[in-house]
Every structure is written in structure tokens, then in C-alpha cells.
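Me: I have a model open and want to go through it with you. Can we start with the strands and then move on to the chain contacts?
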Protein chains: 4
Amino acid sequence: MKALFINCTLKRAPNFSNTEALAKKAAVQLQENGFETEIIRLNDFTVLTGNTSDEGDGDEWPLILEKIKSCNIFVIATPIWMGHLASTAQKVIERLDAIFRDEDLIDPKNGQFMPYNKVAGCLITGNEDGAHSCAAQVLWSLQEVGFTIPPNANAYWVGVAGGEKDYVEAGGERYLYTNKSLRYMTGNLAWFAKLLARHPIATDLLAAENKAKAESDKEN
Amino acid sequence: MKALFINCTLKRAPNFSNTEALAKKAAVQLQENGFETEIIRLNDFTVLTGNTSDEGDGDEWPLILEKIKSCNIFVIATPIWMGHLASTAQKVIERLDAIFRDEDLIDPKNGQFMPYNKVAGCLITGNEDGAHSCAAQVLWSLQEVGFTIPPNANAYWVGVAGGEKDYVEAGGERYLYTNKSLRYMTGNLAWFAKLLARHPIATDLLAAENKAKAESDKEN
Amino acid sequence: MKALFINCTLKRAPNFSNTEALAKKAAVQLQENGFETEIIRLNDFTVLTGNTSDEGDGDEWPLILEKIKSCNIFVIATPIWMGHLASTAQKVIERLDAIFRDEDLIDPKNGQFMPYNKVAGCLITGNEDGAHSCAAQVLWSLQEVGFTIPPNANAYWVGVAGGEKDYVEAGGERYLYTNKSLRYMTGNLAWFAKLLARHPIATDLLAAENKAKAESDKEN
Amino acid sequence: MKALFINCTLKRAPNFSNTEALAKKAAVQLQENGFETEIIRLNDFTVLTGNTSDEGDGDEWPLILEKIKSCNIFVIATPIWMGHLASTAQKVIERLDAIFRDEDLIDPKNGQFMPYNKVAGCLITGNEDGAHSCAAQVLWSLQEVGFTIPPNANAYWVGVAGGEKDYVEAGGERYLYTNKSLRYMTGNLAWFAKLLARHPIATDLLAAENKAKAESDKEN
């Protein structure tokens, strides 16, 4: 089974990424739980803005989408900028929006979106403030496109108000709270991924839609 | 198995609540899935502001907490005010914050919080705009205290920009999009609640915490 | 000229409020700038949930509304709970929503809402994370009902990720970043309040609405 | 006097942008108020991710920054994706974060950030839901870096829940609510820009910082 981390740092390789440092800790823990892990940096790919699965000439999103299709656990790792998730993380979410309209990403048998039976979490780093609202946006988006969100599916590190040091520089790797949250998260992600592998979600979204049609006379 | 809806309308009984109208539709669908359902209106209770499980004299939160303890599915239903979840919904979330500190709400065997093995969703209504950010805040908070969030665990109705009509008046009960989302939500809530009843989460949070302690030397 | 602070702590008097400690610092600075200041604690009043200016029997919001009407500077001071502004702060915002519909709060000459020519800011405290998104919600709401938001109109203190100490206990009163932000904020609030007292906003919202009507054929 | 609109559509030219259609209406109104206007599309420029004023080789942000420096009114116009402001808009905000650290963007006399004496607003379009939280994030970020936010400084159009039509296709250009909000916004932006041109902000941020230093012994 596979876990995919997408590191949405604004930095381009080979610059050091604090967000990646946190992702690496999580990856090791998932390996201990029996998962193959891969961490990719969004900025290593040319990903065009858009909301389809392939924005054409030069767009490397399709490469990333294949990786998402084949993973069991998907984790968005993002820094915070101005209290907000990074533009790079939002770009990932925008590209996932295609799931609602792309026939290749919907199961013809039951209407389930591609991420059904996959679980998701998120990791947030910043020098100061913003982790909770970033996590809320990321996790909401991921459940919306079909991922399952286990309890305690996020971990973060940020400094005190106006803090200027980043995760590694501040010794965030040795903070009990962050380390504890991270272990809760990886434990639950692993447990749920294995559970869903054995017990795939049975909800028939096509049948649900048909019932909805029968009780509706207004389309938007 | 039981589903509990908490209707966080700002209105006091016997005033009509649009949010309750949406909750009732969801309740019927969960009944069809074999669940006992109960809808309570927060404003029917005297709930003090605070972040403990019992704020003392006159506080009726303990009555609600008992209902939450005994449910398998928990749904917060809230209107939107100024683009934001209702103060009443936020009050519920604040009271649930006690879960992190209240020994009665933590399993001594494995450290799991009371909502582990329960699933959660949310319902949002408003005359205009705000549902996604309200849902994000609610679902994030619920996963944080230990609920599992299935895919497509929220449904909403709002009108067009500046809309002045509410859910029922606008005929929102016959909108395909809202009805479809609602069926996805209730289908998944039911399926996951049954799954977790058969396969309780095995993650040992106490063991996780001990591992975290071994790799940490900074407490916050 | 007057500055009104509304302290939205969840605590009831006589319990100590960290949020009030920050508000007091701001008040002293506005006094140095020539303003009379008043700090009220929302929980000292019986304020009913709702979105009108008077929710009837026992509702003490009208007392607070009078104070808002007579101030030049209005500051919402709120703690963070679960990454979110306190339910008490959201309740204040909900009650201010009445401004859009209450004829007593709209100038018949130019359609301006009551808060026009008043300036607003916010103060946020918490043990950890959430200040930026709370401030965003508060300031957006306040500009929406008619307050002017000067640059750097917010200040906050929170601890590191998972921090357990509050503002005063953690020595937050001696943090340079928070103190600097606070002085920026009070300086700009004072300067803009005086500017608008001498130069009241001339925008004619009734004329604007008439132009809008002439170019519109769809009401929501 | 100049007004600059930055259209953060995900689309690349020559594709039609609904967000631009709303920006054009606002621009005409500001022209009527005596402003020169310019609308640029972020996606027409190569803007690298980052948080400095110049991210090096191939980065065209410096061209945009010059335009921002020379405007009196700055408006971010953004679509909503998954309930969130577009990655392109967030990228603009990230690049503006440089203001806090870039000496060229801070007035040596008084410490004021470059956007002091400029006013800002935002425009939001989407097929459904999310405008309020997007506006909150944008306006908060803009006040944080030094712009003044007049009352009613945002306008938006979105459709009903799950709506599939965009602003122009849905006839949003003829919606009273959106048109009214837009006229409030442009009226106030114009009035405040002229006011601040005559009465530049006098707050001395260097003096404020020195006072803060005298009362602080903890740096972050």
C-alpha cells in the first residue's frame, strides 16, 4: 500500500523546505506501518492553473494525478502565507476539482469519485499562526472530492505570534505537541487505509442521485 | 444505532427553522438506513459559554453531552450569518473542546477521545453564501475532537448572491444539487457508522504519545 | 471622542480575561491619543441570539447598540476557540447584521449605514493558532456593515503550536511583535477616527442604489 | 489618479474571464469618478511562487509591483475554487508579503509600508458559494500590508448552491444586489483615495516601534 505526500512549499529545489522536513517524519512513520511512501514537491513539476485533469501543452498535472490514483493515503503538506494555505496547495485543490466532471475519475458502477476508499490528511508549517484554518480548508476540500478523513488527521507546527523562525530552525522537530499529533495522524491514516482496503465503501452514489432526482424539480 | 442532529438556528421555539427543515430530510434518510434519529435545537437548552463539560449552575450542556455520547452519527446543522457559522454552532464546538482535557471523555485503555468510532457530518443553510467555509470549520473541528469524516459528509442550500429567501421559502427542498448532496452524505454517514461499529478504531493514542515523548524535549 | 472595546471572552465576571488584558493596553494608548475609552464584557450582558436590533424580552443588546452608536472607534476583542473566533464575538456580528435592515440605523439622506464615519479594529488572543482567520472574519464583517478599516488594524498574541499558556501567563504583554502591532493599530485607529470626524464620508448610497436599479432587471 | 485591477482568473488569454467582466464594470465606474484604470490578468505574466519582491530569473512580478506602487486604488478580483480564493490570488498575496521585509517598500521617514495612503477592495465571482470568506482573506491581507479598507469595499456574484452558470452566462451583470454593492464599493474607493491623497496618513510607525521596544523584553 502506498502513501503520497505532496509538498506545496513555495520554494524551488534545491532550496530547503521546512514543510518537507515534517512530511519526512510522517513518511517514516507510515513506512513503519507498512506503507510505501513518496514525497513530491509541487514546484518540481510544471502544473498549470485550471480545473481540468489536463490543461494541455506542458501541463504535468497528469503525472501527479496518476500518483494520486495509485495511492491509498494522500497528504497535502503546505506552508502558511499570510494566514492562508500556500497558492501551490490551492492549485492542487483546484486541479482536484476536475473530479466532479471527469468521467475517467468517476466509477461507472456506483458513481463514486476516484478518491473513494482513499484516506487523506494534511500537514501545515509556518513561522506563525494560520494552521487551523489552512487544515480546515484542505481537509474539507479533500472530503468533498471523496477522500475519507480519519480523526486527528492533521498535524502542524507554527511559532508564537509574529514568530520568525521556521520549523527546523526553531527545533520544531522536538516539540511534543507536534510529534504527538503527527503520530495520532499517521496511526489513524494507516488504520483507515487498511480498513477501507478490506471493506470498500458500498454507498451507491448513482442510486442516491436517482432518488434525489425523483424528489427534485429544480436544477441549478 | 442512533443519529443526533443539533440544530443551531438562532431562532427560539416555536419559530420556524429552515435549518431544521433540512435536518429533518436527513433524519428521514437515516431512518431508512436503520438509525434512530433525534433532532435537538440548541436554543431550547440553556448552554453557557465555556470550554468545559459543565460550566456549573444552570448549564444544560451536560444533557446534550450525554446525547452525543450515545450517538453513532453526529450532525451539526447551522445557518450562516455574515458568511460565518452561527454563534450557536461555534458554542457547541467550544464546549466539545473539553474533550481534550476531560478524563471522563478519554478512554484510559488507549487514550482515544470520546468521539472515536462515531462519524460526523454537517448541514448548512443560508439565504446567501458561506456554506463551504462554515462546513470546513465544522468538519475540521469534529475530526479534531475525534469524529471520523466520511467522504461527502456535508450538504447545504444557499441562494444566489444577496439572496433574501431562505431554504423552504425558496423551494430549496426541491433542488437537485442539495438533495443529491444530502443523499451522498446520509448514505456515507450510515455506511461508516456501521463499519466502525463492527471494526472499532485500533489506534493506540497512549502508545503514540509515548513514542512522541521519546523523540521530544520541548513541551509547549 | 470615544473608543469602545467589546471583550468577547467566554468567561463570566469576575474571572480573569486575557483578552481584556490586551484590550486594556490598547485603551491606554487611545487615551494617550485623546480618546475616552470604555471596555465592556459581552458576558456581563444578557444578549439573545438573533439578527435584529432588539430580540425582545430581556435582551440587553440595545444597551450595547447605543454604546456603538456613540463611539468613534469600535474594537472587537476575542479569544480563539478551535481556531475560530469565540461564539460571543460571532454573536456580536450577528446582531450587527440588523444594520442592513433597520431603518433607525440607516441615514435617510444618503443611505449610509450607522457605522459610516466610525473606524474599527480587532484584538485576538489565544493559547495557540487562529488569529489571522479570526481577524479576517471580524474585519470583513465590520467593513461590510460600514466601518472603515485602517491599515494594520489588528493585533494579536498566541503561543506556539499546541501552546497551553495564555497571554498574561506567558508574558505576552512583553512581546515586541504584539506590542508593535498594537501601537500601529491604535495609532491608525486614532488618526482615521479624527480624519473622518473632520471629513465625513460623502458617498451617497441612495444615489448609488438608484444607478444600480437602472442597470438591473433581476432582484435576488 | 490611478486604479489597478488584478484579475486572478485561472484562465489564460484569450479565454473569456467572468471575473474580468465584473472588474470592467468597476473600472468604468472609477473612470466616471476621475480615475485612470488598468486591468491586468495575472496569468498574462510569469509570476514565480515566493515571498520576495523579485524571485529572480524570469520572474515578472517586479513589473506588477511597479504598477501597484503607482496606483491609488488596488483591487484584487478573483474567482472562487472549492470555496476558496484562487491560487493566483493567493500568489499575489504571497508576493505582497515581501512588503514587511523589503527596505525599498518601507518609508525610511516613518516606517510606513508602501501601500499606506492607497485604498483597496476586492471583487469575487463564482458559480457557487465562497465569496464572503474569499473577501475576508483578501481584505485582511491587504490591510495587513498597509492598504486602507473603506466600508463596503467588496462586491461579488455567485449562483445558488451547486450553481453551474458563471457570472455573465447567468445574467449576473443585471443583478441588483451585485450592481448595488459594486457602486457602493467604487464610490467609497474613489472617495477614500482622494481623501488620503489630500491627507496622507501621519502615523509614525518608527516611533510606535520604539515605544513598543521600550515596553518589551521578548523578541519572537
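This is a predicted model: local features need pLDDT of at least 70, side-chain atom pairs count only at pLDDT 80 or more; totals for chains, interfaces and linings use all residues.

Me: Which residue in S2(D) is the bridge partner of D:Phe5?
Reply: D:Ile39 is the bridge partner of D:Phe5.

Me: What sort of unit do S1(D), helix H1 and S2(D) make?
Reply: A right-handed β-α-β unit, with helix H1 of chain D covering residues 18-32.

Me: Switching to the loops. Where does A:Pro14 lie?
Reply: A:Pro14 is in the loop between strand S1 (2-7) and helix H1 (18-32) of chain A.

Me: And the peptide bond from A:Ala13 to A:Pro14, cis or trans?
Reply: That bond is cis, with omega near 5 degrees. In chain B, the peptide bond from B:Ala13 to B:Pro14 is cis as well, with omega near 5 degrees. B:Pro14 sits in the loop between strand S1 (2-7) and helix H1 (18-32) of chain B.

Me: What is phi of A:Asn152 near?
Reply: Phi of A:Asn152 is near 50 degrees, a positive value in a residue other than glycine. A:Asn152 belongs to the loop between H4 and S6 of chain A.

Me: On to the chain contacts. How many residues of chain A are in contact with chain B?
Reply: 47 residues of chain A, against 47 residues of chain B. On the chain A side, H4, H5 and helix H6 (205-214) each supply at least two residues.

Me: Which of the elements gives the most to that side?
Reply: H5(A), with ten residues.

Me: How do the residues on that side divide by class?
Reply: The side of chain A that touches chain B has 22 nonpolar, 14 polar and eleven charged residues.

Me: How do the two H4 helices cross, the one in chain A and the one in chain B?
Reply: Their axes cross at roughly 100 degrees and come within 8 Å; H4 covers residues 131-144 in chain A and residues 131-144 in chain B. H4(A) and H4(B) are therefore roughly perpendicular to each other, because angles of 65 to 115 degrees count as that.

Me: Which residues make that contact?
Reply: From H4(A), the contact uses A:His132, A:Ala135, A:Ala136, A:Gln137, A:Leu139, A:Trp140 and A:Gln143. From H4(B), the contact uses B:His132, B:Ala135, B:Ala136, B:Gln137, B:Leu139, B:Trp140 and B:Gln143. The residues of this contact divide into eight nonpolar, six polar and no charged.

Me: What about chain C? How many residues does the contact take from chain A and from chain C?
Reply: 17 residues from chain A and 17 residues from chain C. H4, strand S6 (154-159) and helix H5 (176-198) of chain A each supply at least two residues of the side that touches chain C. By class, that side of chain A has nine nonpolar, seven polar and one charged residues.

Methods
Residues are numbered from 1 along each chain as its sequence is written. Chains are lettered from A and ligands numbered from 1 in the order in which they are written. Axes are lines fitted to C-alpha atoms, for helices over the stretch in contact, and angles run from 0 to 180 degrees between N-to-C directions. Helices (H or I, at least four residues) and strands (E, at least two) are DSSP runs, numbered from the N terminus. Angles under 35 degrees count as roughly parallel, over 145 as roughly antiparallel, 65 to 115 as roughly perpendicular and the rest as oblique. Two residues are in contact if their C-beta atoms, placed from the backbone, lie within 7 Å. Ala, Val, Leu, Ile, Met, Phe, Trp, Tyr, Cys and Pro count as nonpolar, Asp, Glu, Lys and Arg as charged, and the others, Gly among them, as polar. Two strands pair if DSSP finds at least two bridges between them. A crossover is right-handed if, with the strands pointing away from the viewer, the path from the first strand over the helix to the second runs clockwise.
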